[in-house]
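Subject: Handover of a protein structure

Dear colleague,

Please find below the structure that I am handing over to you.

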Amino acid sequence: MSPNYDSGPTELLRAWSQGDGSALDRLVPLVYEELHRLARRYMRQERPDHTLQATSLVNEAYLRLIDINRVEWRDRTHFLAVAAQMMRRILVEFARNRQRQKRGGGAVHVSLDDVPDLPESSELDFVALSDALGSLATFDSRMSQVVELRFFGGLTVAETADVLEISPETVMRDWKTAKAWLIRELRRGLSTASS
């Protein structure tokens, strides 16, 4: 029995997971505005003269998403979480390439002003933040996922809890702990770099 394509993103995601390539073509128009919102959020955190635009970021993420195999998509939120991870990786790759070209200079900075409970003046190197997030993942992958989904993906506490299949209280506990750990690591990195 073929899926009902009028039902929405979740059914299309499931059809795509089951090998129906046309489901992705029908899915993208339904989630494009949300993907673009994610991309705009990322790009607001970038330096003003960044050469990558939100639409380009969405397009690159789309190209990478169509190459993903063997993902059991649960729902729209799960899809958006994976798309957010893709966008973050694209921006980190872009920043690393730019740093290599400038021999370490011109790091891309991310403002954490939009994230609740962080110091208002925090401005962090995007690559350093990504590296710190990777370090966090080595000893607590769930905390790292919470940060990625909340900060980079823009997901609410409830959406994050849904994606990770944990309680909202656990999300908040992980969120607070991870932010404190990341701030400490990033400050340590800044003091090491200035020594």
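The notes below describe what was found in it.

This is a predicted model, in which local features need pLDDT of at least 70 and side-chain atom pairs count only at pLDDT 80 or more, while totals for chains, interfaces and linings use all residues. Residues are numbered from 1 along each chain as its sequence is written, and side-chain values use heavy atoms, with hydrogens and water left out.

Overall architecture

The protein chain contains eight helices and two strands. Helices (H or I, at least four residues) and strands (E, at least two) are DSSP runs, numbered from the N terminus. Read from the N terminus, the order is α-α-α-α-β-β-α-α-α-α.

The chain has 195 residues, of which 46% count as buried. Here buried means under 20% relative accessible area, exposed means over 50%, and partly exposed lies in between (1.4 Å probe, protein chains only). The chain exposes about 10,400 Å², and carbon and sulfur atoms supply 49% of that area. Such areas come from the Shrake-Rupley method with a 1.4 Å probe; for residues, only the protein chains shown count as cover.

A contact means heavy atoms within 4.5 Å. Among the contacts with a separation of 6 or more, 58% are between residues 24 or more positions apart.

The nonpolar core

In soluble globular proteins, nonpolar side chains tend to be buried together. A nonpolar core is a set of buried Ala, Val, Leu, Ile, Met, Phe, Trp, Tyr and Cys residues joined through side-chain atoms within 4.5 Å. The largest one in this model has 54 residues, and those touching the most other members are Trp16, Leu27, Leu35, Leu57, Leu65, Phe79 and Met87. At least two residues of this core come from each of α1 (9-17), α2 (21-44), α3 (54-65), α4 (76-101), α5 (126-139), α6 (141-152), α7 and α8 (168-194). Helix α4 gives the largest share, eleven residues.

What does tryptophan 16 touch, not counting residues up to four places away in sequence? The residues are Ala23, Leu24, Leu27, Leu65, Ile66, Trp73 and Phe79.

Helices α5 and α6

Two packed helices are described by the angle between their axes and the distance between the axes. For α5 and α6, the axes come within 6 Å and cross at roughly 145°. Axes are lines fitted to C-alpha atoms, for helices over the stretch in contact, and angles run from 0 to 180 degrees between N-to-C directions. On the α5 side, the residues that meet α6 include Phe126, Leu129 and Leu133; their counterparts in α6 include Met143, Val147 and Phe151. The residues of this contact divide into ten nonpolar, two polar and one charged. In that count, Ala, Val, Leu, Ile, Met, Phe, Trp, Tyr, Cys and Pro are nonpolar, Asp, Glu, Lys and Arg are charged, and the others, Gly among them, are polar.

Helix α7

Threonine 160 lies in helix α7 and, at 0% relative accessibility, counts as buried. Leaving out residues up to four places away in sequence, threonine 160 touches Val146, Leu149, Arg150, Leu155 and Val171. Beyond its neighbours within four places in sequence, leucine 164 is in contact with Arg74, Arg142, Gln145, Val146 and Leu149.

Salt bridges

Side chains of opposite charge can pair when their charged atoms come close. A salt bridge is a side-chain nitrogen of Lys or Arg within 4 Å of a carboxyl oxygen of Asp or Glu, and the structure holds ten of them.

One of these joins arginine 76 to glutamate 34, with the closest N and O atoms 2.4 Å apart. Because arginine 76 lies in helix α4 and glutamate 34 in helix α2, this pair ties together parts that are 42 residues apart in sequence. Arginine 76 is partly exposed at 26% relative accessibility, as is glutamate 34 with a relative accessible area of 21%.

Another salt bridge links glutamate 93 and arginine 64 (2.7 Å, N to O). Glutamate 93 is in helix α4 and arginine 64 in helix α3, so the pair ties together parts that are 29 residues apart in sequence. Salt bridges that share partners also join Glu34, Arg76 and Glu159 into one network.

Yours sincerely
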